[in-house]
Amino acid sequence: MDKKQKERRKLSKKSILYLINGVFFAIVFLIFYVKCAFEFHTGFGIFLTYDVWLKILILQCIFAFGSCIIYFLSIIADAISNKYNDKKE
């Protein structure tokens, strides 16, 4: 490996998956915090917070599931592409 290749190390697919899910989680948590901060706390305030938590949890699960599907599809596409390139040579 020469110096340029060492300097420009690419992130692996798994690290990109973790990074994207972490950023999305931080954004969703920030939205939850802002929503709860501006919520009027009445007698039903705890139920409103529970409702928001449930929506955010479902949203996070859907995003994580979708990103895992994309991750595994990209691995399969790379494997098929490498197999095709090996046959071509």
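A search of the whole structure, which is a predicted model, turns up 1 salt bridge, that is, a side-chain nitrogen of Lys or Arg within 4 Å of a carboxyl oxygen of Asp or Glu. The side chains involved are those of Asp78 and Lys13, with an N to O distance of 1.9 Å. The pair links distant parts of the chain, since Asp78 belongs to helix H3 and Lys13 to helix H2, 65 residues apart. Neither end is hidden away: Asp78 is partly exposed at a relative accessible area of 37%, and Lys13 is also partly exposed, at 32%. The labels here run as follows: buried is under 20% relative accessible area, exposed is over 50%, and partly exposed is in between, using a 1.4 Å probe and protein chains only.

As for the ground rules, local features need pLDDT of at least 70 and side-chain atom pairs count only at pLDDT 80 or more, while totals for chains, interfaces and linings use all residues. Residues are numbered from 1 along each chain as its sequence is written, and side-chain values rest on heavy atoms, with hydrogens and water left out.

Zooming out, the chain has 3 helices and 0 strands, and reads α-α-α along the sequence. Both kinds of element are DSSP runs numbered from the N terminus, with helices being H or I of at least four residues and strands E of at least two. Of the 89 residues, 13% count as buried. The chain exposes about 8,200 Å², and carbon and sulfur atoms supply 71% of that; such areas come from the Shrake-Rupley method with a 1.4 Å probe, and for residues only the protein chains shown count as cover.

On the inside, the largest nonpolar core is made of 6 residues: Phe24, Val28, Phe32, Cys36, Val52 and Ile56. A core of this kind is a set of buried Ala, Val, Leu, Ile, Met, Phe, Trp, Tyr and Cys residues joined through side-chain atoms within 4.5 Å.

Phe24 sits in H2 and Phe63 in H3 (residues 45-88), so the pair ties together parts 39 residues apart in sequence. Phe63 is partly exposed, at 27% relative accessibility.

Gln60, also placed in H3, is buried at 16%. Leaving aside neighbours within four places in sequence, Gln60 is in contact (heavy atoms within 4.5 Å) with Asn21, Phe24, Phe25 and Val28.

Back on the surface, Leu11, Ile16, Leu19, Ile20, Val23, Ile27 and Ile31 form a nonpolar patch with about 630 Å² of accessible area together. Patches take residues with over 30% relative accessible area and no salt bridge, joining like charges within 9 Å and nonpolar side chains (Val, Leu, Ile, Met, Phe, Trp, Tyr) within 5 Å. Leu11 lies in the loop between H1 (3-7) and H2 and is exposed, at 56%. Beyond its neighbours within four places in sequence, Leu11 is in contact with Ile16 and Leu19. Ile16, in turn, is in H2 (residues 13-37) and is partly exposed at 36%.
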